[in-house]
Amino acid sequence: MPIADGARVLVVDDDNASRTLAARALRDLGISVLEAKNGVDALKMFQEHRPHVVLLEVTTPFLDGFSTCRAMRDMSGGSDVVIVMMTALDDIESLRFGYQAGATDFITKPLNAVLLQHRLKYMLRAADAMDRLRTSERRIAHLAYHDALTGLPNRRSLERFMDRLSS
């Protein structure tokens, strides 16, 4: 199933109005939306639900968006998730800091629902393409080291194993 068909987006914002606007715009596209009010709750939901995209406000209570983003990237599977920072900050240093923390993209507040919908559609398509690419790469790697008929390790796999033992 393509990601876009069963997409899960986690919206993290302590501002109820912004969070509701983003969630409503995404639900209108048929996307499953999870909502968190702060970074601590977001990390728990991230681990439990594994969203495909995270919309993350920079200035959240308890744990700011930059720290939350870094923590998500450090979790298992976190490198594969699209993380979009939402912010009213417009200074270049905040953008640099966000990208260094692992943000995929930024979107400015106040949010424009139509723009958000279009950006998320394209991000989900890109995430789906990357997911298919990773699946193909795993399949090719498996075929390189296993017999196609039996699925057992092949000679190349044995040579690789022996090389590791000798080093």
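Me: Where is the place of Arg50 in the chain?

Reply: Arg50 sits in the loop between α2 (39-49) and β3. Helices (H or I, at least four residues) and strands (E, at least two) are DSSP runs, numbered from the N terminus. The model is predicted: local features need pLDDT of at least 70, side-chain atom pairs count only at pLDDT 80 or more, and totals for chains, interfaces and linings use all residues. Residues are numbered from 1 along each chain as its sequence is written, and side-chain values use heavy atoms, with hydrogens and water left out.

Me: Why is Arg50 called partly exposed?

Reply: Buried means under 20% relative accessible area, exposed over 50%, and partly exposed in between (1.4 Å probe, protein chains only). Arg50 has a relative accessible area of 28%, so it counts as partly exposed. Phi of Arg50 is near 45°, a positive value in a residue other than glycine.

Me: What makes Phe62 exposed?

Reply: Its relative accessible area is 72%, so Phe62 is exposed. Phe62 lies in the loop between β3 and α3 (65-74). Its phi is near 75°, again positive in a residue other than glycine.

Me: Why does Arg19 count as buried?

Reply: The relative accessibility of Arg19 is 7%, so it counts as buried. Arg19 belongs to helix α1 (residues 16-27).

Me: Which residues is Arg19 in contact with, leaving aside its neighbours within four places in sequence?

Reply: Contact means heavy atoms within 4.5 Å. On that basis, Arg19 touches Val11, Asp13, Asp14, Glu35, Ala36 and Lys37.

Me: How do you know that strand β3 (residues 53-57) is mostly covered?

Reply: In β3, 5 of its 5 residues are buried. Val53, Leu55 and Glu57 point one way from the strand, while Val54 and Leu56 point the other way. In a regular strand the side chains alternate between the two faces of the sheet.

Me: What makes β3 and strand β4 (residues 82-87) a pair?

Reply: Two strands pair if DSSP finds at least two bridges between them. β3 and β4 are joined over 5 bridges in the parallel sense, and the bridge partner of Glu57 in β4 is Met86. On the other count, strand β1 (residues 8-12) is joined to β3 by 4 bridges, also parallel. There, Leu10 has Val54 as its bridge partner in β3.

Me: How many helices and strands does the protein chain have?

Reply: The chain has 6 helices and 5 strands. From the N terminus on, they run β-α-β-α-β-α-β-α-β-α-α.

Me: Why is the protein chain called more spread out than a compact globule?

Reply: The radius of gyration is taken over C-alpha atoms, and the globule rule is 2.2 Å times the number of residues to the power 0.38. For 167 residues the rule gives 15 Å, whereas the chain has 20 Å, well over that value, so it is more spread out than a compact globule. The C-alpha atoms fill a box of roughly 60 × 35 × 30 Å along the principal axes. Buried residues make up 38% of the 167 residues.

Me: What joins Lys109 and Pro110?

Reply: A cis peptide bond joins them, with omega about 5°. Pro110 lies in the loop between β5 (105-108) and α5 (113-145).
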